[in-house]
Amino acid sequence: QVQLVESGGGLVQAGDSLRLSCTASGGTFSSYTIAWFRQAPGKEREFVAAINWSGTRTYYADSMKGRFTISVDNAKNTVALQMNSLKVEDTAVYYCAARSGTAVFRAPEPYECWGQGTQVAVSS
């Protein structure tokens, strides 16, 4: 059974950087797409970025382009989300999600497996 574990969240100030990691286990991921979503209090879960397991295709929400970078380390079964120039409005719980196949969906429903989430808090 596929399992995802996120790490790297924390409390930072506006303008700082954080690097989140998602470690996958329990499956063969060569045909998987991995995505990051986030959910702020009182808001719906929001697409952040996605990558195919080979790392050849990346996708970003418009508001994250230029600030966030998603990458994959196949040897470590890890997908990272580098977040730079953080803003107060980036405060949320960040979730890693996986689905088999190469199609990328910006809605959460098609993703089959989810991590437990990691909290990111950005203060002004």
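View 1. R99 is located in strand 9 (residues 92-100); strands (E, at least two residues) are DSSP runs, numbered from the N terminus. The model is predicted, and local features need pLDDT of at least 70, side-chain atom pairs count only at pLDDT 80 or more, and totals for chains, interfaces and linings use all residues. Residues are numbered from 1 along each chain as its sequence is written, and side-chain values use heavy atoms, with hydrogens and water left out. R99 is buried (under 20% relative accessible area, 1.4 Å probe, protein chains only). No salt bridge is formed by R99, the term denoting a side-chain nitrogen of Lys or Arg within 4 Å of a carboxyl oxygen of Asp or Glu. The nearest side chain of opposite charge, E112, is 5.2 Å away from R99; Lys and Arg count as positive and Asp and Glu as negative, while His and the chain ends are not counted.

**View 2. Contacts of R99.** The R99 side chain reaches the backbone oxygen of A103 at 3.1 Å. Leaving aside residues up to four places away in sequence, R99 touches S31, Y32, T33, F105, P110, Y111 and E112, where contact means heavy atoms within 4.5 Å.

**View 3. Strand 8 and its two partners.** Strand 8 (residues 78-83) has 5 of its 6 residues buried, so this strand is largely enclosed by the rest of the structure. Strand 3 (residues 18-25) pairs with strand 8 in the antiparallel sense over 6 bridges; two strands pair if DSSP finds at least two bridges between them. Within this pairing, A80 in strand 8 stands opposite S21. Strand 7 (residues 68-73) also runs antiparallel to strand 8, joined by 6 bridges, and T78 in strand 8 is the bridge partner of D73.

View 4. Most residues other than glycine have a negative phi, and most peptide bonds are trans. The phi of N77, however, is positive, near 55°. N77 is partly exposed, with a relative accessible area of 24%; partly exposed lies between the buried limit and exposed, which is over 50%.

**View 5. The loop at S85.** S85 is placed in the loop between strand 8 and strand 9. This residue, other than glycine, has a positive phi near 50°. S85 is partly exposed, with a relative accessible area of 43%.

Definitions and conventions
Helix = DSSP H or I, 4+ residues; strand = E, 2+ residues; numbered from the N terminus. Polar contact = N/O pair within 3.5 Å; in protein donor to acceptor, adjacent residues only side chain to side chain.
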